[in-house]
Amino acid sequence: MIYREAGQFKTSYSADQAIFPIVQDRVVVVVAIVAAFVVPTVVADEYWLQAVLIPFLIYSLAALGLNLLTGYAGQLSLGTGGFMAVGGYAAFKLTTAFPQLNIIVVFLLAGLIAAGVGLLFGIPSLRIKGFYLAVATLAAQFFLIWLFNKVPWFTNYASSGTITAPPRSVFGVIITGPNATAEARYVTVLALVAVFALIAKNLVRGRVGRAWMAIRDRDIAAEIIGVRPMRTKLLAFGISSFYCGLAGAEYVFLYLGSAETLAFDINLSFLVLFMVIIGGLGSVLGSFLGAAFIVLVPIFLTNVPHMIGLALPVALMKQIELMVFGGLIIFFLIVEPHGLARLWQITKEKLRLWPFPH
Amino acid sequence: MASVLYAVFVGPFKDMASSPSFLIEVLLGGIATGLMYSLVALGFVLIFKASGVFNFAQGVMVLFAALTLVGLMEKGLPVPIALLVTMAVMILLAFAIERVVLRPLVNQEQIILFMATIGLNFFLEGFGEMLWGANVKRLDVGIPDRSVMLVGIQVNQLEMSAAGTAAVLVTVLAVFFQRTRIGRALRAVADDHEAALSIGIPLKTIWIIVWSVAGLVALVAGVMWGAKSGVQFSLSLIALKALPVLILGGFTSVPGAVVGGLIIGVGEKLGEVYWGPLVGGAIENWFAYVVALVFLLFRPQGLFGEKIIERV
């Protein structure tokens, strides 16, 4: 009854092509964004911010990046971890070399550097397709991690091989380094994610997004109707890597505090790919839902035995966690191969008709 | 600049020429490792050919088979019986995977099936470790991991017998595919699912057979790798080493898996020994991928893959 578009007449093209054409959607999105800024900073404690909300947002951004590439442009990539590492290390090098540079600018520049690297590793996609390409992107993953491990210049010759976020502030508030409060970091991450999610949403419904989807659905046909495959594919790699690089910089500076290459290994790539697939390929909302799912499930699995008063040995717990995680992924794929975003779509359809069956 | 060029393009070849027997040792080592990669890649190819599933769990299947075998042997079962029981377990696993994972996902896109096998990967990893424990186990197959001198060249006994086993296995598989009734059915399914179904080939049975054969290949690979480096979690990571072999040889070609394995094995060893020191070593993680990538740029479907014909 509440979610209904009846009576909302569109009298201009701009109203028809609005990003959220239904009033209720607009209200929900605005309320959600405001609530995301206000509620956690007031209510949530350190643990929730640090262990749930901040990683959720950063993973969402990375998943969004991969979704642009895999979900919209149809290029399967397993190199996300590598591109995130580029972002993290680039931000570290930039901010230690130019300490007076605003940290947000540093993040964006790090994203641009990651985009450049992404373009480079996207070149094989012009020739290779499908799983062959996926395996080829693994080359990026392994090579980049090896590079950051081997060349001490990237870590400023730190003997431990780790990079540590130095304290930097924006508008007089410290947002990185050991003294930054969880609230400050949370708000920074949220602001960046909100802006770039909006940009992504607009990208995919515009000319660029349409070109990506044409290439994804049938690349030869797309080429014939005038979509340039080289430009489109490389653009997808570049923009996707920008998002991943930005997420990587935030991952080091706003979440982990300090990191080594191990944080960016192949498992991270798979984790982000899981988020995209469980959330829904080719859906901006899906990236967020998938990230929420992947962040929350392990926390849930760790806490359930405690709640029902079951004391299990740590090793056994770990193994059961793995099994349940794997099982859940298979279960979700069987129940809804198009991801959580599709479930949300179905719910919306149902809501429109409710309480009538047809 | 000149010295760098010299170090990259001339130095290594001079080293090779100066001690040919060492070069032969390196090559033999490369061939042996390459064949062991082929063993893992074979499992991938079998499954991809018959069901179009890119089975990421193959590496964990190798680990699972080896863990089960060692676990049974530790329980005091004699080796032949332990082997038979492990084979039975792998076949049972094939039945379970077909029923629980593949059948509900029939007709889904390839990427969904790929993700499902990654889920399977996690599940089997936890399951195997829960059953048999996570500590490193030694697997003794009665062949010493020692080098012997053979006409002036050092050869590792274990690597050589692994290479021999791989060669036998590939021959058996080739005969099985080309000469038997089931093999013909498998090839038919690989060519065209629907056409195969329409002439009465039972798809489900074929999938079970293929996954069983892949499970048995995984067992052989598990025994060989386990004897070489101990049975432990890192065994499942050799799946990642088999991937470049796979794209190099083509996803759908059994000979491709073997030739690809040899190229990657030899290339990797040569690169590591002669060019590795130039960049500080430890390049084996990505070098194989770069080799494969270079080949792919010229043949996008791999060396022996089916020619990609695209229609709109």
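1. A word on terms before the charged pairs: a salt bridge is a side-chain nitrogen of Lys or Arg within 4 Å of a carboxyl oxygen of Asp or Glu. This is a predicted model, in which local features need pLDDT of at least 70 and side-chain atom pairs count only at pLDDT 80 or more, while totals for chains, interfaces and linings use all residues. Residues are numbered from 1 along each chain as its sequence is written, chains are lettered from A and ligands numbered from 1 in the order in which they are written, and side-chain values use heavy atoms, with hydrogens and water left out.

2. Over all chains, the search of the whole structure gives 5 salt bridges. One of them joins D25(A) and K348(A), whose closest N and O atoms are 3.9 Å apart. D25(A) sits in helix α2 (residues 23–43) and K348(A) in helix α14 (residues 340–353) of chain A, so this pair ties together parts that are 323 residues apart in sequence. (Helices, H or I of at least four residues, and strands, E of at least two, are DSSP runs numbered from the N terminus.) D25(A) is buried at a relative accessible area of 13%, whereas K348(A) is partly exposed at 22%; buried means under 20% relative accessible area, exposed over 50%, and partly exposed in between (1.4 Å probe, protein chains only).

3. Another salt bridge in chain A brings D219(A) and K129(A) together at 3.0 Å, N to O. D219(A) counts as buried at 15% relative accessibility, and K129(A) as partly exposed at 33%.

4. In chain B, please look at K241(B) and E268(B), a salt bridge with its closest N and O atoms 3.9 Å apart. K241(B) belongs to helix α11 and E268(B) to helix α12 (residues 254–275), 27 residues apart. Both K241(B) and E268(B) are buried.

5. How many salt bridges are there between chain B and chain A? The count is 0. The two chains bury about 4,100 Å² between them, 81% of it on carbon and sulfur atoms; buried area is the accessible area (1.4 Å probe) that two parts lose on being put together, summed over both. The side of chain B that touches chain A draws at least two residues from each of α5 (79–102), α6 (110–132), α11 (238–249) and α13 (284–298), and α6(B) gives the largest share, 16 residues. The contact (heavy atoms within 4.5 Å) takes 49 residues from chain B and 41 residues from chain A.

6. Rings of Phe, Tyr and Trp (its six-membered ring) pair if their centres lie within 6.5 Å, and planes under 30 degrees apart count as stacked, over 60 as edge-to-face and the rest as tilted. F270(A) and F56(B) have ring centres 4.9 Å apart and planes at 65°, so they are edge-to-face. F270(A) lies in helix α11 (residues 266–279) of chain A and F56(B) in the loop between α3 (20–51) and α4 (58–74) of chain B, so the pair joins two chains. F270(A) is buried at 5% relative accessibility, and F56(B) is buried at 9%.

7. Finally, F270(A) and F56(B) belong to one aromatic cluster, whose members also include Y132(A), F44(B), F48(B) and F114(B).
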